[in-house]
Amino acid sequence: MNTGFGKIVWWGFSPALNFLNESYISDRSERMKMSDEKMESLHILVVGAADSRHLLKTIAKSYEHTNLPFEMYVVENSIESYARQLMLLGIAFEQAKSLQEKTELLLEVFGNTLIRQSTLNYIQNKSSELIRMVTDFEELKQKMPFINLEALKYKERDSLESVFKFWRNPDSTLFDISKYWDLRLRHLLGPRFDSRDGVFDWDYNMKILNKGASIISSSEYKYWRKTGIAFHLREGDYNGPNKTLTSEHENQQYIRRGYWGDVVSSPYLAFGIECEDKEYLKKSNNIHCKTAQDVSARNVTAMMYELKYSRPYKNCTENIFGEREENHKGDLNMFQISFLPVNFISDLNKKACYQKLFDIVYFSNSMVHHFVPEFSTLLKRNAVVLVETAKFILDLTSEQEAEYIKKVTNMAEAAGCEVVGCQEPNEDSFMKFIFRGNKTQDNSES
């Protein structure tokens with residue numbers, strides 16, 4: 001636990017991806033143009049994304065492909081990650097709240113150690129609802145019909161229920177996250193803890209800026225490093241513990257509950273460093289006019305809008321937060337999110353139902369070690385494989401990042417993939433590969 005990366009990943013270290021991007025489904029797009037009929041479902045495997053950013057952005061942009069159904073399969077290495085993703089998805093598809101409320105709520109739960117009392121109450125109430133969903137699939141079909149939990153083992157469903165029960169408990173003293181955050185910093189910095197302001201300033205100027213994330217302001221980055229609070233979107237007291245950031249850590253002969261996540265890179269990377277609206281990235285006197293919090297709020301608002309109305313989001317003066325629910329509504333039958341058993345990725349190739357199934361696969365940098373030659377049996381010909389780089393893992397040196405790129409490229413080639421994007425450190429947040437087939441698959445197809 002001596003790295004800022006942490007034992008468990010609560011947010012991704014790269015911007016949100018739209019898996020329905022033309023560069024990933026170009027061959028299907030050509031066929032769609034020639035036919036008005038609904039295409040065969042696109043199958044997407046998401047390995048270790050840690051949060052719901054890719055899922056939400058892909059669903060939000062799905063209106064651009066009205067006749068393309070798709071199914072996303074999610075694999076994580078902890079049951080707490082599943083619980084948090086279900087909470088974030090629940091917020092995004094909440095019908096009773098305005099877009100602004102959902103945006104503020106989602107970002108607060110996503111990236112803050114301390115939250116407002118109203119957010120704490122929401123988590124408690126939503127946890128009760130999620131307990132009913134994971135224990136009664138009929139309830140799940142009514143509330144979130146696009147979620148499939150049937151592949152989870154019974155003990156994993158029980159574990160999900162236990163996590164939600166802990167979140168639901170109103171006793172805030174059960175999880176003193178400020179104390180745990182401080183302990184993580186002390187353990188990471190050691191003798192440098194007393195000069196932590198200088199350490200934070202060094203990390204910002206020598207790492208964050210060099211990575212091309214200058215939209216993250218110095219003040220917001222250092223405030224997050226000190227407190228764990230990334231998003232302060234509303235006036236109010238942020239003093240309630242965000243229990244969705246708790247996990248258990250086995251230490252010798254006993255298990256401890258605490259915060260074991262990132263304390264270096266920040267939650268701003270997921271939604272706050274890229275933006276379709278270039279106005280949000282403008283500079284004046286070489287200083288960004290907006291902050292990463294502003295960009296995050298804009299991007300999440302855009303996703304909430306597109307999820308709700310299935311049309312492009314545009315910044316304008318009209319009161320979009322007051323639009324009526326019945327104006328437009330996306331088709332929830334066009335997509336499905338299936339949660340697979342924890343750490344199931346190593347067993348996928350042993351199941352016949354997954355053979356040659358996936359059109360698109362995403363690996364996080366924390367789970368890319370599963371990208372082994374045997375994995376190729378799960379890929380369709382010309383499948384796209386996306387691998388998160390180590391660009392924003394600030395603990396790594398440039399030499400280690402280069403070694404990571406080289407290692408992943410060798411792994412991909414061993415699995416029959418051809419690299420088509422990103423072969424240099426700091427060039428991009430993702431590497432892109434195309435599966436061209438290997439001898440084993442060629443023989444089986446012939």
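Okay, let's start with the sheet: strand β1, residues 42-47, runs parallel to β11, and four bridges join the two. Keep in mind that this is a predicted model. If you want a landmark for that pairing, go to V47, whose bridge partner in β11 is F363.

Now look at the other neighbour. β11 also pairs with strand β12, residues 379-388, again in the parallel sense, and here there are five bridges.

Next up, salt bridges. Searching the whole structure turns up 23 of them.

First pair on my list: E306 and K61, whose side chains meet at 3.1 Å, N to O. These two come from distant parts of the chain, 245 residues apart, with E306 in helix α12 (residues 292-309) and K61 in the loop between α2 and β2. Both E306 and K61 are buried.

Then there's E401 with K211, a side-chain salt bridge at 2.3 Å, N to O. Again it's a link between distant parts of the chain: E401 sits in helix α13, residues 398-414, K211 is in the loop between α9 and α10, and 190 residues separate them. Buried or exposed, these two? Both E401 and K211 are buried.

The last pair is K222 and D201, where the closest N and O atoms are 3.4 Å apart. This one ties helix α10 (residues 218-227), which holds K222, to helix α9 (residues 196-208), which holds D201, and the two residues are 21 apart in the chain. On accessibility, K222 is partly exposed, at 24% relative accessible area. D201 is partly exposed too, with a value of 32%.

Okay, one more stop: H288. You'll find H288 in strand β9, residues 287-288. Which side chain does the H288 side chain make a polar contact with? That would be S214, at 2.9 Å. There's also the backbone oxygen of L281, which lies 3.5 Å from a polar atom of the H288 side chain. Leaving out residues up to four places away in sequence, H288 touches S214, I215, L281, K282 and K283.

That's my tour, thanks.

Definitions and conventions
Residues numbered from 1 in each chain as written. Predicted model: local features only at pLDDT ≥ 70, side-chain atom pairs only at ≥ 80, totals over all residues. Heavy atoms only, no water. Polar contact = N/O pair within 3.5 Å; in protein donor to acceptor, adjacent residues only side chain to side chain. Contact = heavy atoms within 4.5 Å. Pairing = 2+ DSSP bridges. Salt bridge = Lys/Arg side-chain N within 4 Å of Asp/Glu carboxyl O. Buried < 20%, exposed > 50% of the residue type's maximum accessible area, 1.4 Å probe, protein only.
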